[in-house]
Amino acid sequence: ISRRPGSLEVHVGEQADGKVIEQLIRIEQACCPFFALSWDRHGRVLGIAVSRPEHEPALEAIASALGRPE
């Protein structure tokens, strides 16, 4: 996981199905429109960004859930 102000990049292993990642993006965009999500299937990088500082805690929660300490 790479963390920058306003964004995360999650490097996804080969074992994760890209179609599942694409489905995850569709579901999250429907429920959490404040996330800007992207998927680089060739580089296997899931991008998660927010544009407003008040949404930064959501990025921290995701990073923590994926095993990266805050």
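Leaving aside neighbours within four places in sequence, Phe35 is in contact (heavy atoms within 4.5 Å) with Glu28, Ile48, Ala49, Val50, Ala58, Leu59 and Ile62. The model is predicted, so local features need pLDDT of at least 70 and side-chain atom pairs count only at pLDDT 80 or more, while totals for chains, interfaces and linings use all residues. Residues are numbered from 1 along each chain as its sequence is written, and side-chain values use heavy atoms, with hydrogens and water left out.

**Core and aromatic pair**

- Phe35 counts as buried at 11% relative accessibility, where buried means under 20% relative accessible area, exposed over 50% and partly exposed in between, with a 1.4 Å probe and protein chains only.
- Phe35, Leu46 and Ile48 touch the most other members of the largest nonpolar core, which has 14 residues; such a core is a set of buried Ala, Val, Leu, Ile, Met, Phe, Trp, Tyr and Cys residues joined through side-chain atoms within 4.5 Å.
- At least two residues of this core come from each of strand 2 (7-11), helix 1 (18-31), strand 3 (36-40), strand 4 (45-49) and helix 2 (56-65), the elements being DSSP runs numbered from the N terminus, with helices (H or I) of at least four residues and strands (E) of at least two.
- The count of aromatic pairs comes to one, under a rule by which rings of Phe, Tyr and Trp (its six-membered ring) pair if their centres lie within 6.5 Å, with planes under 30 degrees apart counted as stacked, over 60 as edge-to-face and the rest as tilted.
- Phe34 and Phe35 form this tilted pair, at 4.6 Å centre to centre and with 40 degrees between the planes; Phe34 is partly exposed, with a relative accessible area of 32%.

**Sheet and helices**

- An open sheet is formed by four strands in the order 1-2-4-3, with antiparallel pairing, where two strands pair if DSSP finds at least two bridges between them.
- Strand 1 (2-4) and strand 3 are the edge strands, each of which pairs on one side only.
- Strand 1 and strand 2 pair over three bridges in the antiparallel sense, and Ser2 stands opposite Glu9 in strand 2.
- Strand 2 is joined to strand 4 by five bridges, and the two run antiparallel; here Glu9 stands opposite Gly47 in strand 4.

**Turn and loop**

- Strand 1 and strand 2 form a hairpin with two residues between them, and Gly6 in the turn has a positive phi of about 85 degrees.
- Most residues other than glycine have a negative phi.
- Arg44, although not a glycine, has a positive phi of about 60 degrees; Arg44 lies in the loop between strand 3 and strand 4, and counts as buried at 10% relative accessibility.

**Confidence**

- The protein chain has a mean pLDDT of 92, and 97% of its residues reach 70 or more, pLDDT being the predictor's confidence in each residue, from 0 to 100.
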